[in-house]
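Colleague: I would like to learn how to read aromatic ring pairs. Could you walk me through them?

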Amino acid sequence: MDRRSFIKKAGLGAGGAVAASTLAAPAIAQSTTDMVIVSTWPRDFPGLGVSAQRLAARIGELTDGRINVQYFAAGERVGAFDSFDEVASGNAQAYIGADYYWKGKHPAWAYFTAVPFGLTYAEIDAWIKYGGGQELWDELAGEFGLKNFACGNTGVQMGGWFNKEIETADDLKGLKMRIPGLGGDVMAKLGASPVSLPGGQIYENLVSGAVDATEWVGPYNDYFMKFYEAAKYYYYPGMHEPGSQLAMGMNASWWNSLSKTDQAIIEAACNEENARQMAETNAENGVYLDKLINEHGVELKKFSDEVYDAFGEAAEEVFEETVQHSDLTARTHESFAKARSEIGRWMLLADTGYTEQRNRVLGITV
């Protein structure tokens, strides 16, 4: 039998071939998964808010819409500080925020954003990914029905905005300051009154005099908050948040219902935004510091060694009390402290050692 006859009898002519191909690859309807994300940041707020919105959009892009993401900024669905309960209860699938906001639920949450005399961006990233940090974070989050990933970082933060000069530790006594986390506990040890406020409420409280001082992030973010209209002195460096890690916290039941592929995509999107936000912050902070000084007359001040030593002594007292809370808190602190020592020694030789010498040779100064 010649080839043409064989094809004809076998039904594999042009039409038959197309039909066979169609039957072999039937169209399959693609199912979608809803993902409601609530945030602790205002909508379109430079830096933090934009980063959260970018991450939400990125998850939709990477899944080609298979994960249908709906994003709500602070106050649009729930208040900023209600985000945790909204997700833990299952009313929303994820939040984007700073986990030290939840230290009242468990003090170990603070370690996964920032603690006084803590880890820089490079150090906390190393601890989370390769020093046992993620495993401890999973254990903590699991107690509340959550699964968390790092999704941003603001780097070393400024010490804050003050309406008077801080020359000695005594100048902090009686000061009402917006400062959350364990940093607020340090300030309380020194006689200040820490206040926890979401970002969208800080300006009005500073202008009205309800608070005398505030920390926020750094020049890029602070510029748009217009704190310079109410406080003149801008202090550095912040002891309270040396590498503030931001988080996407997801409802654990929802997370476990996802395919391995979608879980990998979400984790990858968080890793991408973690690096991207840090890069954006570093790129913009110097630009906006110049604007604050040159356009608005802000006075840049450095905390004295005396004040910083007082911060350090108070921080040790806070840590001694914090680790008494639970075995998990104690183990988290132990792991964090080990990373601070081991990674910190390397950073002292590498990044710090190099930048000090480079800046000296090139004459780069504040």
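Modeller: Gladly! This is a predicted model, and the count comes to 33 aromatic pairs.

Colleague: What describes a pair of aromatic rings?

Modeller: A pair of aromatic rings is described by how far apart the centres are and by the angle of the planes. Let us take a case. The ring centres of Phe45 and Trp216 are 6.2 Å apart and the planes stand at 70 degrees, so this pair is edge-to-face, as planes over 60 degrees apart count that way.

Colleague: Where in the chain do Phe45 and Trp216 lie?

Modeller: Phe45 is in the loop between β1 (33-39) and α3 (48-62), while Trp216 is in the loop between β8 (213-214) and α9 (219-225). The pair links distant parts of the chain, 171 residues apart.

Colleague: Is Phe45 buried or exposed? And Trp216, buried or exposed?

Modeller: Phe45 is buried, at 8% relative accessible area, and Trp216 is buried too, at 5%.

Colleague: How should I read the pair of Phe224 and Tyr288?

Modeller: Their ring centres are 5.3 Å apart with planes at 50 degrees, so the pair is tilted. Phe224 belongs to helix α9 and Tyr288 to helix α11 (residues 260-296), so parts 64 residues apart in sequence are tied together. Phe224 is partly exposed at 36% relative accessibility, whereas Tyr288 is buried at 14%.

Colleague: Which residue lies over the face of Tyr288?

Modeller: Lys291 does, at 5.8 Å from the ring centre. Likewise, Arg77 lies over the face of Phe72, at 5.4 Å from the ring centre.

Colleague: Which residues do ring pairs link into a cluster?

Modeller: Among them are Trp41, Phe45, Phe81, Tyr95, Trp109 and Trp216.

How values were computed. Residues numbered from 1 in each chain as written. Predicted model: local features only at pLDDT ≥ 70, side-chain atom pairs only at ≥ 80, totals over all residues. Heavy atoms only, no water. Phe/Tyr/Trp six-rings, centres within 6.5 Å; stacked < 30°, edge-to-face > 60°. Helix = DSSP H or I, 4+ residues; strand = E, 2+ residues; numbered from the N terminus. Buried < 20%, exposed > 50% of the residue type's maximum accessible area, 1.4 Å probe, protein only. Lys NZ or Arg CZ within 6 Å of the ring centre and 35° of its normal.
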